[in-house]
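Please look through the sequence and the model below before reading on. The paragraphs that follow lead from single residues to the packing of the whole chain.

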Amino acid sequence: SSVSPLLTKIGDKMNVLCLDMSTKATGYALFVDEKLCNYGVIRDESKCVQTRFLTMHKMIEEQIELALVEWIIVEDVPISVKSNLKTGKDLCVLQGILLSLAFSHNVNVELLKPTEWREKIGILHSDYTCKKCGNIFEDVSGLKVVTCDKCGNNKLKEFNRSPQNLRNQLKGRAVDLANKEFDLDLYYKGQSKKNEDDIAEAICLYLSWKKMNERKLKNGEEDI
């Protein structure tokens, strides 16, 4: 198991740690006053899940203490009838470990729903076919409100929708967005062991969280 070292202690600024969690490879991204200061992956390939839990606990706690983290942003565990039961259980345990660390270090935690955080930053794509004129177009807003740019039709029931959101598509878009926003060169191609989508999704969690809170401020809702 290994983890890239964090920066030295940072001081009185908004320190946000974003995590794309799994028991074998947790991507992390540290932001200080909206600047990406560090990123990497916590890895443990041990066959024993308890050992992997211990590694994640130790390394995440180290990051919290060293970077004086005030907020942790993480994807909520997606549970559905289609979920792998063992994987879902392990992720729930890992989330419990994270919450325990946050409580003991007085750190705020925001759990973002998988579909919701991707919608906010345009990672969810769908192809729409207008039943009135046959026009086919792509929508990246993630909203269930569309308008045909050919005939002006805006009645949702008068469109056929084809989601374009396979796992590899979502990961590829996350890498592209992280690279674009922060001038990075993260890698993603097929099933390569060199893929850096864990880091990209941690970075994208921050972008989505930031956008959500900008909307709250605009609407006069409670600040974070």
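The structure is a predicted model, in which local features need pLDDT of at least 70, side-chain atom pairs count only at pLDDT 80 or more, and totals for chains, interfaces and linings use all residues. Residues are numbered from 1 along each chain as its sequence is written, and side-chain values use heavy atoms, with hydrogens and water left out.

Asp-33 sits in the loop between β2 and β3 (35-43), and its phi is near 50 degrees, a positive value in a residue other than glycine. Leu-68, which lies in the loop between α1 and β4, also has a phi near 50 degrees, positive although the residue is not glycine. With a relative accessible area of 37%, Leu-68 is partly exposed.

The protein as a whole has five helices and eight strands, where helices (H or I, at least four residues) and strands (E, at least two) are DSSP runs numbered from the N terminus. Read from the N terminus on, the order of elements is β-β-β-α-β-α-β-α-β-β-β-α-α. Of the 224 residues in the protein, 43% are buried. Among contacts (heavy atoms within 4.5 Å) between residues at least 6 apart in sequence, 59% join residues at least 24 apart.

How do the axes of α1 and α2 cross? Helix α1 (residues 49-66) and helix α2 (residues 85-104) have axes that come within 10 Å and cross at roughly 30 degrees; such axes are lines fitted to C-alpha atoms, for helices over the stretch in contact, and the angles run from 0 to 180 degrees between N-to-C directions. The two helices, α1 and α2, are therefore roughly parallel to each other, a term for angles under 35 degrees. Residues of α1 that take part in the contact include Phe-53, Met-56 and Ile-60, and those of α2 include Val-93, Ile-97 and Leu-101. By class, the contact of α1 with α2 has ten nonpolar, one polar and two charged residues, with Ala, Val, Leu, Ile, Met, Phe, Trp, Tyr, Cys and Pro counted as nonpolar, Asp, Glu, Lys and Arg as charged, and the others, Gly among them, as polar.

Arg-118 lies in helix α3 (residues 114-120) and counts as buried because its relative accessibility is 11%. Leaving aside neighbours within four places in sequence, Arg-118 is in contact with Glu-75, Ile-123, Leu-124, Leu-170 and Glu-201. Ser-126, found in strand β6 (residues 126-130), likewise counts as buried, at 6% relative accessibility. The C-alpha atoms of Ser-126 and Asp-139, which are 13 residues apart along the chain, are separated by 5.4 Å.

How values were computed:
Parallel < 35°, antiparallel > 145°, perpendicular 65-115°, else oblique. Buried < 20%, exposed > 50% of the residue type's maximum accessible area, 1.4 Å probe, protein only.
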